[in-house]
Amino acid sequence: MQQSEVEGIKKDFLQEVERASSNLELEQVRIKYLGRNGIVTKLFDEFKSVSPEEKPLFGKLLNSLRNEATENFNNKKKFLESNKPSDLSDIDLTLPGKSFKLGTKHILNQTLFEIKSIFKGLGFSVYDGPELESDYYNFEALNFPHDHPARDMQDTFFVSDKFLLRTHTTPVQIRIMEKEQPPIRAIMPGRVYRNEAISSRSYCMFHQVDGIYVDTDVSFAELKGTLVSFAEQFYGAGLKYRFRPSFFPFTEPSAEMDITCFICKGKGCRVCKHSGWLEILGCGMVDPNVFRYVNYDSEKYTGYAFGMGIERIAMLKYGIDDIRTFFENDLRFLKQF
Amino acid sequence: MKISLNWIKEYVNLDGISAEEIINKLTMCGLEVEDYNDQNKKYSGIIVGLVKEVQKHPDANKLTVCTVYDGNTDLQLVCGAPNVAQGQNIVLAPVGSIIPKGNMEMKKAKIRGVESFGMICAEDELELSDDHTGIMVLDNELSAGTPISEALKLNDVILEIAITPNRPDALSHIGVARDLSAIFNRELRIPKLDFQESQQDIKQLASVEIEDKINCPRYSAKVVTGLIIKESPEWLQNKLKKIGLRPINNVVDVTNLILHEIGQPLHAFDLDQLADKKIVVKSLTKELKFATLDSKQRALPQGTMMICDGNREVAIAGVMGGENSEVTESTKNILIESAYFNPTSIRKTLKKIQLSSDSSYRFERGTDPSNTVYAAQRAAQLIASIAGGEIAKGVIDEYPHKTKQKEIVLRLPRLKKLLGYEILKADVLRIFQKLGINLLKDMGEALEVIVPTSRPDIEREADLIEEVARIDGYDKIPVIEKVSITLHKRKDDFDLEDRIREILVGMGFNEMVNNPLIPKKNAELTGSAIEITNPQSQDMAYLRTSLLVSALPAISNNIKKGEKNLAVFEIGNSFNKLKDALSSFSDFNEKKKIILIITGKKLPRKWYAAEAEYDFFDLKGLVTAFLSKISLDNLLNDSYNSIQDKIYDYQFALSFNDSEFGSGGKLNQNVLKMFDITQPVYCFEGNLDIIQQISSQKRTFKELLKYPKIYRDFAFLFDKSINYASVKDFILREGGNILKYVELFDLFESKDIGEDKKSMAFNLEYYDFERTLTDEEVDTDFQMLINKVTKNFNAILRGK
């Protein structure tokens, strides 16, 4: 018995297994090598007559040959069987696929993410801020005088004389400007609270995205351009829009942006209160008083700011008619998006 | 605020401009028309009809069959009204017209077998009143066929305008007319005064004294004597009704008319009820019970500004008059108050006494201090003309604090810079002139102007720019298509949150957004809760101290609705107080947290697998998988607690260095009972702020293993008290340095192996980065490990 002989047999066997293209051929290979009178079986017979010094070497060689041969043979057999065309008739291919559970992001966060992505593309950085806010940041520094009816525009939940649940995400503007110098180009998404009677149209909390841009030459025309670009990306190109004067203590001039009602295409319907227009956001040029609170030179810098409610946008976009649905977290609702 | 377009037209000529255009332009100048009611459209098709003949209905006692002439032809109709009679002019709604009440189209009908081609209307059907006692009978002079809108002068358009708090000047018909005159460049016509005064000097009839000069900078008054209180004439009643006011009597109606015409609130006192015929304006030095003219007793706090006579209070200044001095049927002589009160003072009073009126609404926003005398005179003129009586000579006008008109400079280049387009100087000047903003000095590129006292909102250059822009029209501002942007210098603050959401969605979790406002007993379950000072209800009176307490109601509701298998998460803030009184940001904390909740079946019945319930180890596995996706695996230490606490039956906690990241486990029965949940719930709540602070471990590339791995298995019988973690740690520590990984692949307990025993089977992974291992060296280490485990744990090797 020669070492080369054993290795040669192994090589031949592996090649023949590889070449076998049917169960029948494979079985013939098995008989040839592993059968009672097969080549490998014979080798084991010969092993008995090997000298004691050579026994360990050949023992290892033969074991490895038999193990590898058997493994190869079994693998090939499995492979051939899985390809056997006649077996297909046994499988009911119409059985349902095994389920794989995927979750869902809350539709408000999906909407928020979409809005955020558009503004990030327009060069706005994204900032977070606290929900439990001071009167100073929520009102005073945003030019809401004490004892002024403007404060009635935002019914507030208080937790003490000085602290409250923020009524808008605008206070984050002040927090950014206190820490950084212009240019500032930022949006601030987040949760806000209003002490309003709960109904299908209003809830005690909702979400907003606020934005601000402050630099040396920021104009109302640029504000319009930026917001129109946002609206066209979000609501679709070629939409009709209008900016009309409004009032916010922290902007002057102030405006609200309307787009043509996409439900009735401007003809007038229940959703747009028969006006043909849908209000989508408030905006304006940053009020010089706000700059004074953060020690910006309002002669040198101008800026614009805007803010929008996420629930309203999502309600319009997905035809949700009751704002409370967002916060009931009924799985049947969550799973729809 | 309701505005009548016909009324507006008394002050500005709007000929040739359609109602639609007026409405659109008002909205586009900042006076948003929220709704409108066009009476022409409302009454279209409804006409005057002449009743030619009335006969009894052959089949019904209470009905009549009428022949009505519509100006063109005779119509037969069935009528149920008791007052219909031959020769009357009536309101005819023929077939095809729309009945305003209920917005119903009139159709041909057969009533008890008689055909009817229309309806004779009562007042309620035209929405003129609630009256349905009989049909309306019209003036005999009218000719049949005349549109009813023309016959009844119902040709007005009533606008509902939302006035923003910065525009008190627009809270009247003249105020709105002023903006329209600027927009359409037409002249504003303020009504001229024209009245006779008696010989009697007002100063002999009444006097006014202001004690609180800061809060009442001006008090003007007129006196009318010898008048007769009665119903107002129809024109006045109609004017008020159109804008939703209820007529009361000729004096009160005039004061209401002036308020809605000019915006100056007035109050008429019965002069004979004023002690010493004297008015004193002063603040309360102590609390007072006071009966207002709506017949309600009100508790007024100290400091409330009051109008008093010689010895008592007669009105809450700027808010509401008192019962003790109101105008009644027997009133003969009146004093008309026309004052200017400090808006802040009025607002403070309103907040304290929770009362407001049309007057206080205007005072708290700021009326025009220059208008008081004019308003008092115009009221006196109208009252004298409809209630008789004589206007006393002269006017009382106490004006201790003169309001200064503001002088502001507008730089035209600044206007262009801020708006982004140029408006011609001539146009700017025209707009200013129409708005009553007068030019003081033209300095070429800059204009110095003086602002009327009716515009407290205009204080700075930016305010003037807004005035110009809103009248010129925001649609004239160009839409720039090219902007320069600032490059980002930082990561999105919400980056981690957004990544976590995607990961959990991939893992099968549904995201919730719960209301952080919750009841006290829930909030106090997991921390020191912060109370809302002015909650809407006790159910929402506290802030959540954890996400858990605000999420469990949603879990409970879902289970009740049949959604019993849940894997949900939320990312949100929770709030805890650190001190009782919150006066600085260090007195409480607000933390961003994440919660994962699983309950019910992980796998419902399937054709290919048996159903399985969620358990503690699902929770642990999900948390571990989630942490590995944000690169936090192997950074956090875990600890366990199987002792029941307030929240959990048993739990595990994860921490980084000394700060706990979060904990989770099986919720205990008491908590579940509070939320009416009857199935096991597992949850984990972690602190995202802590994760933000741990800069996630950097994933760096590891050389791929070039050499084969060798595996060995063993199973041991252990005492039940020995836990997995201690065995695993021991194996890794003692298994030799070529043992790289160990995994538990079987756990088995049964009576057959002994009640106090358990079998754990492990798969061991051996490899080396530098070379191929030989079976012999693995066997050597493996055998040694078997001996050590056996000895250390007093364990028995199984099988083999």
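## Confidence and conventions

What pLDDT does chain B average, and what share of its residues score at least 70? Chain B averages 92, and 99% of its residues reach at least 70; pLDDT is the predictor's per-residue confidence, running from 0 to 100. For the model, ipTM is 0.86 and pTM is 0.84.

This is a predicted model, with local features needing pLDDT of at least 70 and side-chain atom pairs counted only at pLDDT 80 or more, while totals for chains, interfaces and linings use all residues. Residues are numbered from 1 along each chain as its sequence is written, chains are lettered from A and ligands numbered from 1 in the order in which they are written.

## Chain B overall

Chain B carries 22 helices and 44 strands (DSSP runs numbered from the N terminus: H or I of at least four residues for helices, E of at least two for strands). With a radius of gyration of 42 Å, well over the 28 Å that the globule rule gives for 800 residues, chain B is more spread out than a compact globule. That radius is taken over C-alpha atoms, and the rule is 2.2 Å times the number of residues to the power 0.38. Along the principal axes, the C-alpha trace of chain B spans about 130 × 80 × 60 Å.

Take the contacts in chain B with a separation of 6 or more: 68% of them link residues 24 or more positions apart. A contact here is a pair of C-beta atoms, placed from the backbone, within 7 Å.

## Two open sheets in chain B

One open sheet in chain B has 7 strands, ordered β30-β33-β34-β40-β39-β38-β37, with mixed pairing; two strands pair if DSSP finds at least two bridges between them. β30 (510-511) and β37 (637-641) of chain B each have a single partner strand, so each edge strand has one side without a neighbour in the sheet. β37(B) runs antiparallel to β38 (648-656) of chain B, joined by 5 bridges, and N637(B) has S655(B) as its bridge partner in β38(B). Helix α17 (547-560) of chain B packs on this sheet, touching β33 (566-577), β34 (588-599) and β40 (681-687) of chain B, with its direction at about 30° to that of β34(B). Axes are lines fitted to C-alpha atoms, for helices over the stretch in contact, with angles from 0 to 180 degrees between N-to-C directions.

Another open sheet has 3 strands in the order β1-β13-β2 (chain B), paired antiparallel. Here β1 (2-4) and β2 (32-38) of chain B are the edges, each with a single partner strand, so one side of each lacks a neighbour. On average, neighbouring strands of this sheet are turned by 25° against each other, direction ignored. β2(B) and β13 (157-162) of chain B share 6 bridges, and E32(B) has A162(B) as its bridge partner in β13(B).

Chain A has 12 helices and 9 strands. Its radius of gyration is 38 Å, well over the 20 Å that the globule rule gives for 337 residues, so chain A is also more spread out than a compact globule. Buried residues account for 41% of the 337 in chain A.

At the interface, 66 residues of chain A contact 77 residues of chain B. α8(A) gives the largest share of chain A's side, 7 residues. That side divides into 33 nonpolar, 15 polar and 18 charged residues (nonpolar: Ala, Val, Leu, Ile, Met, Phe, Trp, Tyr, Cys and Pro; charged: Asp, Glu, Lys and Arg; polar: the others, Gly among them).

Note on methods. Two residues are in contact if their C-beta atoms, placed from the backbone, lie within 7 Å. A residue is buried if 20 or more other C-beta atoms lie within 10 Å of its own, exposed if 12 or fewer, and partly exposed in between; C-beta atoms are placed from the backbone.
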